[in-house]
Amino acid sequence: MKILNWIKRDKTYKMDLKSANETLQNVFAQCDTTPNTIPLDKIVLQQKANTRYASIGIYTSLLMLIILLILPAFILQSDATIISQKGISNVRLDSYYITSTSIHVELKDTNCNYTISYAISDDQTKSFAQIDPRDPYHLIFDFDRTSTDLYLFDINGNAKTFHIEPK
């Protein structure tokens, strides 16, 4: 039992800075070396300052890791995907996103004939494109959370169909 207590005993020693400095000066005097010109409290403070930057770096890294792990929960994810596209039209789709009642489509160029482009849902409801007045590349279609086909026409009358499935 005594052996276990000897192994587990606390081996940290505590001494105030003044007596530690005096002990250090006595050691220097006994060894016939020049005494320490830098006070011990400055040496200890410098060691603490050096570890402060490391601990700030560690805490910053942990914070960034936590943010990185939580971030995907806050990124806007689409509720539907484009399954297929077909047609000979040169209308190019840049991106899209879904809200609770509409499909927003961003086009790469203005080749689209907005007046005849439309969407048809599974229940054969037809919705014509609405143009965002602030952005001529932004089209808005009504969406009722069913499979929907977008028909985007170019200025020559050729159509390209995008089939959108809700997730």
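Me: Which side chain does the side chain of S102 make a polar contact with at 2.7 Å?
Reply: That's T99, in a side chain to side chain contact. The S102 side chain also makes a polar contact with the side chain of H104, at 2.9 Å. Bear in mind that this is a predicted model.

Me: OK, and where does S102 lie?
Reply: In strand β3, which covers residues 102-107.

Me: Is S102 buried or exposed?
Reply: Buried: its relative accessibility is 8%, and the cut-off for buried is under 20%.

Me: How much of β3 is covered, then?
Reply: Mostly covered, with six of its six residues buried. S102, H104 and E106 point one way, while I103, V105 and L107 point the other way.

Me: Nice. What's the strand order in the open sheet?
Reply: β2-β3-β7-β6, four strands with antiparallel pairing.

Me: Which strands stand at the edges?
Reply: β2 (93-98) and β6 (130-131). Each has a single partner strand, so one side of each has no neighbour in the sheet.

Me: How many bridges are there between β2 and β3?
Reply: Five, in the antiparallel sense. The two strands form a hairpin, with three residues between them.

Me: And on the other pairing of β3, how many bridges join it to β7?
Reply: Five bridges there, and those strands run antiparallel. As one example, E106 stands opposite H138 in β7.

Me: What about β6 and β7, how many bridges do they pair over?
Reply: Two, again in the antiparallel sense, with β7 spanning residues 138-142. I131 stands opposite L139 in β7.

Me: Switching topic: which residues form the nonpolar patch on the surface?
Reply: I58, Y59, L62, L65, I66, L68, L69 and I70, with about 850 Å² of accessible area together.

Me: Where is I66 found?
Reply: In helix α3, residues 40-70. I66 has 47% relative accessibility, so it counts as partly exposed.

Me: Great, thanks, that's what I was after!

Technical notes: Residues are numbered from 1 along each chain as its sequence is written. This is a predicted model: local features need pLDDT of at least 70, side-chain atom pairs count only at pLDDT 80 or more; totals for chains, interfaces and linings use all residues. Side-chain values use heavy atoms; hydrogens and water are left out. Buried means under 20% relative accessible area, exposed over 50%, partly exposed in between (1.4 Å probe, protein chains only). A polar contact is a pair of N or O atoms within 3.5 Å; within protein, one must be able to donate a hydrogen and the other to accept it, and residues adjacent in sequence count only if both atoms are side-chain atoms. Two strands pair if DSSP finds at least two bridges between them. Patches are made of residues with over 30% relative accessible area and no salt bridge: like charges are joined within 9 Å, nonpolar side chains (Val, Leu, Ile, Met, Phe, Trp, Tyr) within 5 Å. Accessible areas come from the Shrake-Rupley method with a 1.4 Å probe; for residues, only the protein chains shown count as cover. A salt bridge is a side-chain nitrogen of Lys or Arg within 4 Å of a carboxyl oxygen of Asp or Glu.
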